[in-house]
Protein chains: 2
Amino acid sequence: MTDLPKRVDIQEEGPREGFQIEPGPIPTERKIELIDALSETGLKKIQVASYVNPKKVPGWADADEVVKGFRRHDGVAYHALWLNEKGLMRALDAEGLEMIGSISTTTSESFMIRNTNRGFEENRQVQRNQIRIYKQHGVPVRRASIMTAFGCNFEGDIPVERVVWAVDDILGVAREEGADVEVLSLADTMGWANPESVKRVVGAVRERWPEKRICLHLHDTRGLGVVNAYAGMEMGVDLFDSSVAGLGGCPFAGHKGAAGNVCTEDLVFMCEEMGIETGIDLDRLIEAARLAEDIVGHPLPGSVMKGGSLTKHRQKTAH
Amino acid sequence: MTDLPKRVDIQEEGPREGFQIEPGPIPTERKIELIDALSETGLKKIQVASYVNPKKVPGWADADEVVKGFRRHDGVAYHALWLNEKGLMRALDAEGLEMIGSISTTTSESFMIRNTNRGFEENRQVQRNQIRIYKQHGVPVRRASIMTAFGCNFEGDIPVERVVWAVDDILGVAREEGADVEVLSLADTMGWANPESVKRVVGAVRERWPEKRICLHLHDTRGLGVVNAYAGMEMGVDLFDSSVAGLGGCPFAGHKGAAGNVCTEDLVFMCEEMGIETGIDLDRLIEAARLAEDIVGHPLPGSVMKGGSLTKHRQKTAH
């Protein structure tokens, strides 16, 4: 009936997204504590820090210390974010990070200008430069991200054809520069997606580029993060970005109350309940979510961390 | 591809559920204020009060005053809840309520005993008596509810066959007593459902009783309320109970942090974004949700009331 995958991979972005937006300051050792807790949950990819300008993002002024401090676990890939060559060099200097290059664009030039002060043409040049820099440093470019793939506060509804155009455009640049993009990340940056638009966009992209793996990056701004992920799974999507406890949010999204990524443990709960394997220990993940709430010092949006898993009820009622 | 309905009807339960569980006391005029605001949104059914024992549910000690006080709007049906003949008589004495009788059972005898102090056999007798009392007072019995239709904290996972058995059992009682049940309400009382289990249960019930209308009553305990509603819509379900702002929760569900019903405005947002008509003005509903939050004096779980609708962004970007 549907293309539900047997297994779903989850890329945890909570530490990076969450600590970026919190008014803080959050002590370095507490950031490390959360990363260490997440490493014990079965997550296979964790984005641990953001190498950005400390003046612009004071929450990540301690990126070097955080990355030095956490314990590396076998089988877990640790990633970081950077936005320019300086950030990339800091990440290259660190030990134990998995270096994967990523290029990105958006369907909405208005948003791009607000977010990066660049238009489409200039962004293509930036992408070319980025790919060359990655190559110089031996960093493979594997991921292309399309922001505002479902709608934009500045440009409104985004037609499916424009998403396909944006993917085609960025893949063209990658091809010309000899980069082999494996993953297309479709981002609902401002919470415009609904289950049917997810199916339309994923369907169109999948039909045109059946060999690429699609990742969904879904913001939960209007409470549809989990249902949009499910709609993606119904179309065979098996790769998601998410944030433990729902940590984070987009400081550039142009409105107050912008929720962060879909919540990791709510997504894992749904998958496991449907028999879709994630490799993640939900109860440990819930503990990490509660730790995240303790660290930021205010309630976070996750639901399963409040309602609890069904494990203890099943144990109690097992015959 | 799917059986998504063209139109969805929503039965608002926020005032009744919410004011029942709030530690309160909430002034009568504020309860009336919320009901009046909801009447302006396009909602066609609103459950406005609970005629229950004021010693057990002090939040509804003022049910008579609330029901006297709100403004009746043409085209809106106002409902109340009662649990025994005394409550029914109070509702019959009130003016301007739509009187629809409902009988209920559960898949889980353990939960029934905890919730009502009755077993299955005794509950059948109670249902028979209820139907006779309804008949005496000229109240049509139209709805049969199956609680814990997807899982139970006291009995664990509930096989689909047991749900079908419970529906068959309660419809048998109704038939013997000459009651014409039109709506089968399947309730995820404790937040055990997932999209695939919703599809299995709805599919089995729909196949056996294709002439009945199915209603889903979904608690959002673990964040899957909206996705479970979507899965129901994919199976053709077009009737849902919900609570504005996510007001409410089940005081008997046996664990802390039990979230209430799925949030009305999040559900309406999803429907309208997918082109499914609800007849509801989302922006007015969001105002009512914010009013509900103001009335209870603490944050409520709804998302769209925080993220906002897309209306103003679309207006801004329209050409």
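Okay, thanks everyone. Keep in mind throughout that we're looking at a predicted model.

Let's begin with the core. The largest nonpolar core holds 182 residues. Which of them touch the most other members? That would be Val226, Leu267 and Ala292 of chain A, along with B:Val226, B:Leu267 and B:Ala292. As background, nonpolar side chains in soluble globular proteins tend to be buried together. If you click on B:Leu267, you'll find that, leaving out residues up to four places away in sequence, it touches B:Ile10, B:Val226, B:Ala229, B:Phe240, B:Ser242 and B:Val262.

Now, how do the chains meet? On the chain B side there are 36 residues in contact with 35 residues of chain A. Which elements of chain B give two or more residues to that side? They're α8 (195-208), α9 (225-234), α10 (264-273), α12 (304-307) and α13 (311-317). The most comes from α10(B), with 4 residues. Sorted by class, the side of chain B that touches chain A has 15 nonpolar, 13 polar and 8 charged residues.

Let's switch to chain A and its domains. The assignment gives domain 1 as 1-99 + 243-249 + 275-319, and domain 2 as 107-237. The C-alpha centres of these two domains of chain A are 22 Å apart. Where the domains meet, 11 residues of domain 1 of chain A are in contact with 8 residues of domain 2 of chain A. The domain 1 side of that contact has 7 nonpolar, 2 polar and 2 charged residues.

Staying in chain A, find strand β7, residues 213-218. Strand β6 of chain A, residues 183-188, pairs with β7(A) in the parallel sense over 6 bridges. One pair to look for is A:Val183 with its bridge partner A:Arg213 in β7(A). Between β6(A) and β7(A) the chain crosses through helix α8 of chain A, residues 195-208, and this β-α-β crossover is right-handed.

β7(A) also pairs with strand β8 of chain A, residues 239-242, again in the parallel sense, over 2 bridges. Here the partner of A:His217 in β8(A) is A:Asp241. The chain gets from β7(A) to β8(A) through helix α9 of chain A, residues 225-234, in a β-α-β crossover that is right-handed.

Over in chain B, have a look at strand β3, residues 77-82. Which residues make up its covered face? B:Tyr78, B:Ala80 and B:Trp82 do, while B:Ala77, B:His79 and B:Leu81 form the uncovered one. β2(B) and β3(B) run parallel and are joined by 6 bridges, with B:Ile46 opposite B:Tyr78.

The loop between β2 (45-51) and α3 (63-69) of chain B is where you'll find B:Ala61. Is B:Ala61 buried or partly exposed? It's partly exposed, because it has 15 other C-beta atoms within 10 Å, and buried would take 20 or more.

Last stop, the loop between β8 (239-242) and α10 of chain B, which holds B:Gly246. B:Gly246 is buried, because 30 other C-beta atoms lie within 10 Å. Setting aside neighbours within four places in sequence, its contacts include B:Asp220, B:Cys263 and B:Pro301. The C-alpha atom of B:Gly246 is also 7.2 Å from that of B:Gly14, which sits 232 residues away along the chain.

B:Ala245 is in the loop between β8 and α10 of chain B too, and has a positive phi of about 65° although it is not a glycine. Most residues other than glycine have a negative phi. B:Thr148 is another one to check, with phi near 45°. B:Thr148 lies in the loop between β5 (141-147) and α7 (160-176) of chain B, and is buried, with 28 other C-beta atoms within 10 Å.

That's the tour, thanks.

Note on methods: Residues are numbered from 1 along each chain as its sequence is written. Chains are lettered from A and ligands numbered from 1 in the order in which they are written. This is a predicted model: local features need pLDDT of at least 70, side-chain atom pairs count only at pLDDT 80 or more; totals for chains, interfaces and linings use all residues. A nonpolar core is a set of buried Ala, Val, Leu, Ile, Met, Phe, Trp, Tyr and Cys residues joined through C-beta atoms within 7 Å. A residue is buried if 20 or more other C-beta atoms lie within 10 Å of its own, exposed if 12 or fewer, and partly exposed in between; C-beta atoms are placed from the backbone. Two residues are in contact if their C-beta atoms, placed from the backbone, lie within 7 Å. Ala, Val, Leu, Ile, Met, Phe, Trp, Tyr, Cys and Pro count as nonpolar, Asp, Glu, Lys and Arg as charged, and the others, Gly among them, as polar. Two strands pair if DSSP finds at least two bridges between them. A crossover is right-handed if, with the strands pointing away from the viewer, the path from the first strand over the helix to the second runs clockwise. Domain bounds come from an automatic or database domain assignment.
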